[in-house]
Amino acid sequence: MLDGLQEILFTLKQNKLRTGLTAFGVFWGIFMLILLLGAGRGMQNGVWQDFGSSVLDFIVVNPGDTSVAYQGMGLGRKVKLEQADVEAIRRQVNGVRAVSGVMMQWGGLISYEGKNSNSPVHGVPDEYFDVIKEDVPFNFGRNVNPLDLNDIRKVVIVGTAVADRLFPAGTDPVGKDIKVKDTVMKVVGVFYDKGNRGRASEAVYIPQSTYTKLFGADGRLDSIWLRPQPGIDGFELEKRVVDLV
């Protein structure tokens, strides 16, 4: 054993350059491996933070322009989404756990006693949070519910970023009347959505029926969100949904 070690040391002393280059190569390889693993984990954590409170198996269908002709209709045709498409998906596409249409305006002035917030305004049914935001915590109050939609109530749930701009720290906003654009609505809930590094908490949500009445959406949807049942191939489900709508 001792003789073997002495022989190794002698060989290393006789080949100092080769020994140094070999040692540096091993060090550099390990260093790069650690660097790449760290970068990969950092990117993974960044992606997870961007998703935030959202589930990871959702599918979004957006309107757009057709790129190919179809059944006598030319390319470049505008594809419009309607509530009827949501109902058709429910009836005709197997494997859908939950589906929701969304109406949206990017810039909506939200105000309360001289304080303002320019926030996206979403018109959603109560199923929307089951599709994508089932883990969103509510700091105060509740979510949109079926009675809000059936009675076309003027109620709103706001993100914490909006609430922080409008109300003093520590205030419970539930029950307060705020203006969503030019319409007075009652706050029924405050949520925190950490998606997109917290910027998802900039939004406000109102019942879809109320949104339609106030803003004249006339059943038009800006997107359809859906979630497959466990074990269902999301890519295959997406293809069937696109073929249907």
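A residue is called buried when its relative accessible area is under 20%, exposed when it is over 50%, and partly exposed in between, using a 1.4 Å probe and protein chains only. The structure described here is a predicted model, in which local features need pLDDT of at least 70 and side-chain atom pairs count only at pLDDT 80 or more, while totals for chains, interfaces and linings use all residues. Residues are numbered from 1 along each chain as its sequence is written, and side-chain values use heavy atoms, with hydrogens and water left out.

**Salt bridges**

A salt bridge is counted where a side-chain nitrogen of Lys or Arg lies within 4 Å of a carboxyl oxygen of Asp or Glu, and by this rule there are eight. The table lists three of these pairs, including the accessibility of each partner.

| Pair | N to O distance | Relative accessibility |
|---|---|---|
| Arg220 and Glu82 | 3.8 Å | Arg220 39%, Glu82 37% |
| Arg142 and Asp148 | 2.7 Å | Arg142 29%, Asp148 0% |
| Glu202 and Arg165 | 2.7 Å | Glu202 23%, Arg165 36% |

Asp148 counts as buried, whereas its partner Arg142 is partly exposed, and both belong to a network of salt bridges that also links Asp151 and Arg153.

**Strand β11**

Strands are DSSP runs (E, at least two residues), numbered from the N terminus, and two of them pair if DSSP finds at least two bridges between them. Strand β11 (residues 223-228) has six of its six residues buried. Strand β1 (residues 59-61) runs antiparallel to β11 and is joined to it by three bridges, with Trp225 as the bridge partner of Val60. Strand β3 (residues 96-112) is also antiparallel to β11, through six bridges, and here Val102 has Ser223 as its bridge partner.

Terms used: Helices (H or I, at least four residues) and strands (E, at least two) are DSSP runs, numbered from the N terminus.
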